Amino acid sequence: MILLKKFFYIFLYSFINQEKKSNIYIIYAPPYGKSNGIKALYTLHDILNKLGYKTYIYCKGKHRGNYNYLYKIKKYHKENAIIIYPESIKDNPLDFKNVVRWILYFPGYFGGNTVFNNNELIFSWNKEYYDATKLQVPSIDNTIFYNDPTIKKDLTCYFVYKGNFFKEIPQIKNAYRIDQNTPKDRNELINILHRTNTLYSFDSYSTLNDEALSCGAKVYIVTPEGLADYTKINDIDYDESIKLVKNFIETSQKRFYNKQ
């Protein structure tokens, strides 16, 4: 009887410990900013928490309200929790046992590795960036970016970011330039996009193209060959993203906690 009790308590402890560690995700993220990749990390934090998984943001920079930040990494976290690194973070700086790599842009463009450790579980925002299982979350806030007919569209803009300014075109003469530093804050950018009649974008992969389109602007992608119409918003709806996140959860739980 005593032996049975002992085995029961060992089993119960193991079960509770398994449940505890398999419910923790830690997302390594820069401070919240304009970049779609950074926003995606914070959106994933929100969705995982809503689905019942204790999820933290680990950020060395400025913290922002409404997020569950982890201020100190403990040995327990390193051995049991799942860390999610974006592709821009090199190697495994926090020395976690269970590592997920989320490829949010072409590996190496923003730093980090171009080849990843075989022990890492890899997901990709877009298979053009990296051929791995898709993980994508909504990137456009339709409560902010929408076509308001009461706002006069009196601006022509051009956008330079990851695409770089590689070609001078006459259409952007005297146009407002949007880049990493201009405008200086998110609210000003929102106002600019609501006023934009036409956007010429040198970055074909940026969510800003979709945001401008949502605000009613005509969007052209500047290519070496000329201008290409940008007419389709490349965003995922919430229900579809939930399916992808649930697959991410199932895959990561099986990989790190339910190994056969």
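Tyr205 is partly exposed, with a relative accessible area of 31%. Here buried means under 20% relative accessible area, exposed means over 50%, and partly exposed lies in between (1.4 Å probe, protein chains only). The model is predicted: local features need pLDDT of at least 70, side-chain atom pairs count only at pLDDT 80 or more, and totals for chains, interfaces and linings use all residues. Residues are numbered from 1 along each chain as its sequence is written, and side-chain values use heavy atoms, with hydrogens and water left out.

**Aromatic rings**

Searching the whole structure gives 26 aromatic pairs. Rings of Phe, Tyr and Trp (its six-membered ring) pair if their centres lie within 6.5 Å; planes under 30 degrees apart count as stacked, over 60 as edge-to-face and the rest as tilted. Tyr205 pairs with Phe106: the ring centres are 5.3 Å apart and the planes stand at 80°, so this pair is edge-to-face. Phe106 sits in the loop between strand E4 (98-103) and strand E5 (121-124), and Tyr205 in the loop between strand E9 (196-201) and H5, so the pair ties together parts that are 99 residues apart in sequence. Helices (H or I, at least four residues) and strands (E, at least two) are DSSP runs, numbered from the N terminus. Phe106 is partly exposed, at 25% relative accessibility.

Phe159 and Tyr161 make a tilted pair, 6.3 Å centre to centre, with 50° between the planes. Phe159 is buried at 4% relative accessibility, whereas Tyr161 is partly exposed at 23%. Ring pairs join these residues into a cluster of Tyr105, Phe106, Tyr109, Phe110, Tyr129, Phe159, Tyr161 and Tyr205.

**Lys162**

Which residues does Lys162 touch, not counting those up to four places away in sequence? They are Tyr105, Tyr109, Phe110, Asp203 and Ser206. Contact means heavy atoms within 4.5 Å. Lys162 is in the loop between strand E7 (155-159) and strand E8 (176-178). Its relative accessible area is 13%, so Lys162 is buried. The C-alpha atoms of Lys162 and Asn36 are separated by 12 Å, while the two residues are 126 residues apart along the chain.

**Helix packing**

Two helix pairs come next. Axes are lines fitted to C-alpha atoms, for helices over the stretch in contact, and angles run from 0 to 180 degrees between N-to-C directions. Angles under 35 degrees count as roughly parallel, over 145 as roughly antiparallel, 65 to 115 as roughly perpendicular and the rest as oblique.

The axes of helix H4 (residues 186-195) and helix H5 (residues 207-214) come within 9 Å and cross at roughly 50°. H4 is therefore oblique to H5. H4 brings Arg186, Leu189 and Leu193 to the contact, and H5 brings Leu208, Glu211 and Ala212. These residues divide into 4 nonpolar, no polar and 2 charged. Ala, Val, Leu, Ile, Met, Phe, Trp, Tyr, Cys and Pro count as nonpolar, Asp, Glu, Lys and Arg as charged, and the others, Gly among them, as polar.

Helix H2 (residues 36-50) and helix H6 (residues 238-256) pack at about 75°, with their axes 11 Å apart. H2 and H6 are therefore roughly perpendicular. From H2 come Leu44, Ile47, Leu48 and Lys50; from H6 come Tyr238, Ser241, Ile242, Val245, Phe248 and Ile249. This contact holds 8 nonpolar, 1 polar and 1 charged.

**Backbone details**

Most residues other than glycine have a negative phi, and most peptide bonds are trans. Two residues that are not glycine have a positive phi here.

| Residue | Phi | Loop |
|---|---|---|
| Asn66 | about 75° | between strand E2 (54-58) and helix H3 (75-80) |
| Asp95 | about 60° | between strand E3 (82-86) and E4 |

Asn66 is exposed, at 79% relative accessible area. Asp95 is exposed too, at 55%. The peptide bond from Thr182 to Pro183 is cis, with omega near -5°. Pro183 lies in the loop between E8 and H4.

**Cysteines**

How many disulfides are there? The count is 0, where a disulfide is a pair of cysteine sulfur atoms within 2.5 Å. The sulfur of Cys157 is 11 Å from the closest cysteine sulfur, in Cys215, so it is too far for a bond. Cys157 is buried at 0% relative accessibility, and Cys59 is buried at 6%.

**The whole chain**

The protein chain has 6 helices and 11 strands. Its C-alpha trace spans about 85 × 40 × 30 Å along the principal axes. Of its 260 residues, 46% count as buried.
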